[in-house]
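My plan is to go from the whole chain down to single residues.

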Amino acid sequence: MDWISPVSGLVGALVGAGLSYLGTHRAQAKALADARSARLEAKQDQAVATLAETFRVLQKHVRETPGEWEQGIDTAATVAVTAARQAWDEELQDFIAPARLAIGVIRDKKLRHRLKETMNLLEEWDSGLVYAFHGRSRVWVLRGVIAHAVECVGAWQREETLPEPNHAFREARESMQAKRDEWEAIAEAQEEDRLRRRAERNSEGAPPLPGVG
C-alpha cells in the first residue's frame, strides 16, 4: 500500500496550509480591528480635547452675556446694544461650531444626545431661554448649562452614569420646550388663517349655484 503515504502527506500538507491560512486571516483581522479601535480611541481623545477647550472659552464668553434692552433708551443706544448683542452671538456660534463636529465623533449615544441638547440650548439663548432668564441672571443660566455638559463628559470618562441635569439646565430645557410649543402653535394658527383666507377668496370668486337667482 505504497500509495497511502503520499496521500497522507498530501492531506497533511493541505490541512497544514488551511490552518496556516486561517491563522493568518485571523491575525490580519485582529490587526485591522486593533488599528480601527486605535483610530476610534484617538478620535475620541481629540473630541474630548476639543470639547474641553470649547467649554473653557464658552465659560469665559458667557461672563459677558448681553443684558436686556432697557426701556426709554434713545435710538443711538438701541442701535449700539443691538450691534453688541449680534457680535456676541456671532462669536458664540463660532465657538459652538467645532464643538458640534467633536460631539458627532462621541460614540456614547446618551452623552452625544446630552451634548447636542446643550449646544441647542446655547444656540437658542436669545429666543428660546427667555423663561429661564426671567428673574435670574443670564450668566448664571448659561454657565449652569455649560457646567452640566462638563460634568457629563467627566462622568463618561470615568465610565459612570451621566449625572442628572442641574437646576439651570432644567430651567433652560423647560424654557426651550415651552417656546417650541409656542412657535408650533403660532405656525399652526398662521396656516389655519392662510387656509381660511384662501377659502374665502375662492368662495367670493365662485360662480353661482345652478337655479339660484
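**Entry 1: the whole chain**

I began with contacts, where contact means heavy atoms within 4.5 Å. Among contacts in the protein chain between residues at least 6 apart in sequence, I found that 72% join residues at least 24 apart.

A note on what I am reading: this is a predicted model, in which local features need pLDDT of at least 70 and side-chain atom pairs count only at pLDDT 80 or more, while totals for chains, interfaces and linings use all residues. Residues are numbered from 1 along each chain as its sequence is written, and side-chain values use heavy atoms, with hydrogens and water left out.

Next I looked up the secondary structure, which comes to 7 helices and 0 strands. Helices (H or I, at least four residues) and strands (E, at least two) are DSSP runs, numbered from the N terminus. I wrote the pattern along the sequence as α-α-α-α-α-α-α.

For burial, I used under 20% relative accessible area for buried, over 50% for exposed, and partly exposed in between (1.4 Å probe, protein chains only). Of the 213 residues in the protein chain, 27% are buried.

**Entry 2: the core**

Which residues have the most contacts inside the largest nonpolar core? I listed Leu 51, Phe 55, Leu 111, Leu 115, Leu 122, Leu 129 and Leu 142, in a core of 34 residues. Helices H1 (4-62), H2 (75-105), H3 (109-123), H5 (130-133), H6 (138-157) and H7 (167-204) each supply at least two residues of this core. H6 gives the most, with 8 residues. By definition, a nonpolar core is a set of buried Ala, Val, Leu, Ile, Met, Phe, Trp, Tyr and Cys residues joined through side-chain atoms within 4.5 Å.

I then followed Leu 51: leaving aside neighbours within four places in sequence, Leu 51 is in contact with Ala 99, Ala 102, Ile 103, Ile 106, Leu 115 and Val 153.

Thr 54 lies in helix H1 and is buried, with a relative accessible area of 5%. Not counting residues up to four places away in sequence, Thr 54 touches Phe 95 and Ala 99.

**Entry 3: H6 against H7**

I checked how these two helices pack: their angle is about 105°, with the axes 7 Å apart. That makes H6 roughly perpendicular to H7, a label that covers 65 to 115 degrees. The axes are lines fitted to C-alpha atoms over the stretch in contact, and angles run from 0 to 180 degrees between N-to-C directions.

On the H6 side I noted Trp 140, Val 141, Gly 144, Val 145 and His 148, which meet His 167, Ala 168, Phe 169 and Ala 172 in H7.

**Entry 4: two tryptophans**

I looked for aromatic pairs, meaning rings of Phe, Tyr and Trp (its six-membered ring) with centres within 6.5 Å. The count comes to 1 aromatic pair. The rings of Trp 88 and Trp 125 have centres 4.8 Å apart and planes at 75°, so the pair is edge-to-face (over 60 degrees). Trp 88 is in helix H2 and Trp 125 in helix H4 (residues 125-128), 37 residues apart. Trp 88 is buried at 6% relative accessible area, and Trp 125 is buried at 1%.

**Entry 5: a loop residue**

Where is Glu 159? I found Glu 159 in the loop between H6 and H7. Glu 159 has a positive phi of about 60° although it is not a glycine, and is exposed, with a relative accessible area of 76%.

Conventions:
Parallel < 35°, antiparallel > 145°, perpendicular 65-115°, else oblique. Phe/Tyr/Trp six-rings, centres within 6.5 Å; stacked < 30°, edge-to-face > 60°.
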